[in-house]
Amino acid sequence: KQMDSELKKYRKRIDIAGIPVDAFSSGDLEAAVKEMLADKKSHHIMLVSLRDIMMAKFRTELRSNIERASLVLPISASIKSGAKFLKREHVPELYFPFDFVLKLLGVIENHGKSVYLVGGKRSVLQITESNIKSSFPGLTIVGRCAGFFPREIEKNVVTAIKKSAPALVLAGDGLTGKRHWVTRNNSMFNPGI
C-alpha cells in the first residue's frame, strides 16, 4: 500500500466497509498540494461516493486505485454518517466536487503551476477552459483534449500530457476506462496531481 509519509500529517486514513477513506481538512489543501508538488511523485486525488465504496469491495481495480490514491475524499453524506456510526476515531469532512475542484485550481494558481484538461465533450472543454481563464487568470492551461477519442490516438494524448508537464491533470468522463484512465496511464505521466 502506497502511503505518502509527508501527507500523513494532513490526513487520517480510516476504514469504511474495508475501504480506505481520508479524514482530511479542506483547510490543509494548500499545504498538502504543496507537499505533493514538491516530492516529484505522481499523486491521485479520488472523490468517492458510497456507491464507489460498495463497488470497490467487488472490483479489484477500483479498490486498488482507492488504496493507492494520495487522498480519498468522500462526496456522500452516508460515508460521513457511517464513520460516526462505526465510531471511527476520525470523521471525514464531506466534499462537493465542484467546490473542491475550484479550491484545487486556486491552490495550483497560487503556486504558479499549470493544468491540462482531458476528457469530456469538446463544447464542455471549451466552456471549462474559458471559465478557468476568467476565474483563475494566473493559472496556465498547457493543453486540452476532448474525450471520446479513438483508442489509436490514446498514446498521442498521453504523450502530449507528458510533454506539457502540467502540475494537475483534470480528467473528464470521456476517457476509455473512465476514472481508471488516469491510473492506467500514470506511469507515463510526469510527477504531479
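Analyst: Start with two helices, α1 and α5. They pack at an angle of about 60°, and their axes lie 10 Å apart. Axes here are lines fitted to C-alpha atoms, for helices over the stretch in contact, and angles run from 0 to 180 degrees between N-to-C directions. That angle makes α1 oblique to α5. The cut-offs are these: under 35 degrees is roughly parallel, over 145 roughly antiparallel, 65 to 115 roughly perpendicular, and the rest oblique. The crossing of α1 past α5 is right-handed. A crossing counts as right-handed if the near helix is turned clockwise from the far one by less than a right angle, and left-handed if anticlockwise.

A word on the model itself. It is predicted, so local features need pLDDT of at least 70 and side-chain atom pairs count only at pLDDT 80 or more, while totals for chains, interfaces and linings use all residues. Residues are numbered from 1 along each chain as its sequence is written, and side-chain values use heavy atoms, with hydrogens and water left out.

Which residues make the contact? From α1 come Leu29, Glu30, Val33 and Leu37. From α5 come Phe100, Lys103, Leu104, Val107, Ile108 and Asn110. Contact means heavy atoms within 4.5 Å. By class, this contact has seven nonpolar, one polar and two charged residues. Ala, Val, Leu, Ile, Met, Phe, Trp, Tyr, Cys and Pro count as nonpolar; Asp, Glu, Lys and Arg count as charged; the others, Gly among them, are polar.

Now widen the view to the core. The largest nonpolar core has 29 residues. Those touching the most other members are Phe24, Val33, Ile45, Leu73 and Phe100. A nonpolar core is a set of buried Ala, Val, Leu, Ile, Met, Phe, Trp, Tyr and Cys residues joined through side-chain atoms within 4.5 Å. Helices α1 (29-38), α5 (97-110) and α6 (122-135) each supply at least two residues of this core, and so do strands β3 (45-48), β4 (71-74) and β5 (114-118). Helices (H or I, at least four residues) and strands (E, at least two) are DSSP runs, numbered from the N terminus.

Look at leucine 73. Not counting residues up to four places away in sequence, leucine 73 touches Asp22, Phe24, Ile45, Met46, Leu47, Val48, Tyr95 and Phe100. A second, separate core has 15 residues, including Ile14, Val48, Ile66 and Ala83. In soluble globular proteins, nonpolar side chains tend to be buried together.

Next, isoleucine 141 and leucine 139. Isoleucine 141 is in strand β6 (residues 140-145). Leucine 139 is in the loop between α6 and β6. Isoleucine 141 has a relative accessible area of 16%, so it is buried. Buried means under 20% relative accessible area, exposed over 50%, and partly exposed in between (1.4 Å probe, protein chains only). Leucine 139 is buried too, at 5% relative accessibility.

Their contacts reach along the chain. Leaving out residues up to four places away in sequence, isoleucine 141 touches Val115, Leu117, Glu129, Ile132 and Lys133. By the same rule, leucine 139 touches Leu105, Ile108, Glu109, Lys113, Ser114, Val115 and Ile132. Isoleucine 141 and lysine 113 are 28 residues apart in sequence, and their C-alpha atoms are 9.1 Å apart. Leucine 139 and asparagine 110 are 29 residues apart along the chain, with 8.1 Å between C-alpha atoms.

Aspartate 52 sits in helix α2 (residues 50-56). It is buried, with a relative accessible area of 9%. Beyond four places in sequence, aspartate 52 touches Leu47, Leu62 and Arg179.

Alanine 69 lies in the loop between α3 (60-68) and β4. At 0% relative accessibility, alanine 69 counts as buried. Setting aside neighbours within four places in sequence, alanine 69 contacts Arg11, Arg13, His44 and Met46.

Finally, two loop alanines. Most residues other than glycine have a negative phi. Alanine 17 has a positive phi, near 55°. It lies in the loop between β1 (11-16) and β2 (19-24). Alanine 165 also has a positive phi, of about 45°. It lies in the loop between α7 (154-164) and β7. Alanine 17 is partly exposed, at 29% relative accessible area. Alanine 165 is partly exposed, at 41%.
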